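Please open the model in a viewer and keep the selection panel at hand.

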Amino acid sequence: MPDSASTPPRPTDIPAGEHWPAPLADSPVRARVRLPGSKSVTNRALIIAALAEGPCAVRRPLVSRDSELMVGALRALGTRVEEVPSDDPDTPDLVVTPAPLRGPASIDVGNAGTVMRFVPPVAALADGRVDFDGDPRARERPVDELLRALRALGARIDDEDRGALPLSIHGTGSVRGGEVTLDASGSSQFVSALLLAGARFDEGVHVRHEGPPVPSQPHLDMTVEMLRAAGASVATGENSWRVEPGPLRVSEITVEPDLSNAAPFLAAALVSKGEVTVEGWPEHTTQPGDVLRELFTRMGGEVSRSGDRGGDLTLRGTGAIHGITADLRDVGELTPTIAAVAALADSPSRLTGIAHLRRHETDRIAALATEINRLGGDVEELPDGLVIRPRPLRGGVFHSYDDHRMATSGAVIGLAVPGVEVENIATTRKTMPDFPGLWAEVLS
């Protein structure tokens with residue numbers, strides 16, 4: 001059985017938020033969806049642009065709490081980030097102008113994993129002290145392996161031996177860099193964080209992983225691809241990544257739509273026997289969300305594409321929802337939506353390889369089991385996943401645990417189960433500016 005650390009917070013401990021009546025799909029959903037930009041691409045783009053040789057325009061960035069926290073962190077370090085008009089009146093582009101990184105500075109990471117892990121190596125390049133803190137949950141999320149690696153590479157860090165926030169980095173304007181070994185089985189972001197800043201280290205960086213498999217491999221592929229596009233020399237091997245020292249030269253980065261955020265909308269088609277088209281689905285992408293095409297096909301949907309590069313992707317519900325056996329190690333962020341659909345399926349599901357989700361915005365494994373079972377489901381926790389045995393569900397409050405993907409999974413269940421209310425739907429602003437509004441449009 002999972003240890004006590006896997007127990008999700010009690011609902012009374014969750015930040016207060018109004019209960020949102022999840023709309024019921026009383027007819028097949030038929031909609032076209034234009035998704036906001038990818039959080040993962042946006043925040044990597046902002047880091048690369050801040051470390052580049054000259055100004056860089058970030059096109060179609062995500063505007064959300066996580067991206068705003070990243071912008072705030074970079075501005076605190078002296079980088080200029082300006083909004084400029086774009087071809088979308090609702091989403092301005094960002095022009096990032098690098099400047100000497102400096103402290104003193106205080107950085108609020110909120111509960112954004114990319115900010116709490118990607119920014120410390122950048123702060124180590126600054127001249128002066130940089131303090132980091134964030135939401136209460138952020139103090140529980142792991143950064144210890146990253147801090148050990150940064151110290152080994154020459155950074156001076158004061159965390160009072162917590163291996164967690166709050167912490168201070170005492171920058172001297174440079175980082176020696178070199179070779180370092182760490183255990184990145186807790187988060188691939190530890191590796192990405194070092195690679196993103198590595199070209200600015202005096203000796204570059206050579207990261208070796210030792211330990212259980214690194215989760216979320218597509219996110220590492222994304223980091224490597226974006227660095228290479230910016231002119232970095234990056235070599236990869238088995239559990240090994242090397243970035244040579246040198247300038248980053250990039251004048252423009254265009255952010256793809258967030259394919260992981262497509263999950264609840266495509267699920268709406270599957271659950272309601274409808275049809276949902278996501279605009280601008282890239283032909284080639286490193287985003288984990290691209291795996292939704294395969295997963296939802298296995299669960300009973302039919303997927304088709306139209307157009308060429310940057311065309312549309314359509315999922316049609318056939319009326320059947322099948323259970324699935326899947327190792328989601330590389331695409332763990334899709335788990336909450338897959339679990340929600342699995343709870344409505346015609347056969348059991350077994351989702352594994354996702355032990356790292358216990359250290360995300362909440363313990364997602366424990367939280368999903370708790371909330372689906374609260375509605376009458378039959379979900380069993382595994383040390384690294386879930387077994388979901390479908391049963392008729394009933395209405396009730398689905399708690400979000402201040403986790404955006406928990407909130408959207410409750411919305412998916414509410415499509416088929418009358419009377420579901422999602423607590424604190426506003427937490428979806430972490431990666432989507434207005435999920436309730438977009439959800440209402442899709443169901444209208």
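In what order do the 4 strands of the open sheet that includes S4 stand? The order is S4-S5-S3-S14, with mixed pairing; strands pair if DSSP finds at least two bridges between them. Helices (H or I, at least four residues) and strands (E, at least two) are DSSP runs numbered from the N terminus. The model is predicted, so that local features need pLDDT of at least 70 and side-chain atom pairs count only at pLDDT 80 or more, whereas totals for chains, interfaces and linings use all residues. Residues are numbered from 1 along each chain as its sequence is written, and side-chain values use heavy atoms, with hydrogens and water left out.

Select 80-84 and 252-254 next: strands S4 and S14 are at the edges, each with a single partner strand, so one side of each lacks a neighbour in the sheet.

Then select residues 56-59 and 93-97, where S3 and S5 pair in the antiparallel sense over 3 bridges. Cys 56 has Val 96 in S5 as its bridge partner.

Move on to the open sheet S10-S11-S13-S12, whose pairing is mixed. Strands S11 (205-209) and S13 (240-243) run antiparallel and are joined by 4 bridges; Arg 208 stands opposite Ser 240 in S13. Finally, select residues 189-198: helix H5 lies across S10, S11 and S13, at about 170° to S11.

Methods:
Contact means heavy atoms within 4.5 Å. Axes are lines fitted to C-alpha atoms, for helices over the stretch in contact, and angles run from 0 to 180 degrees between N-to-C directions.
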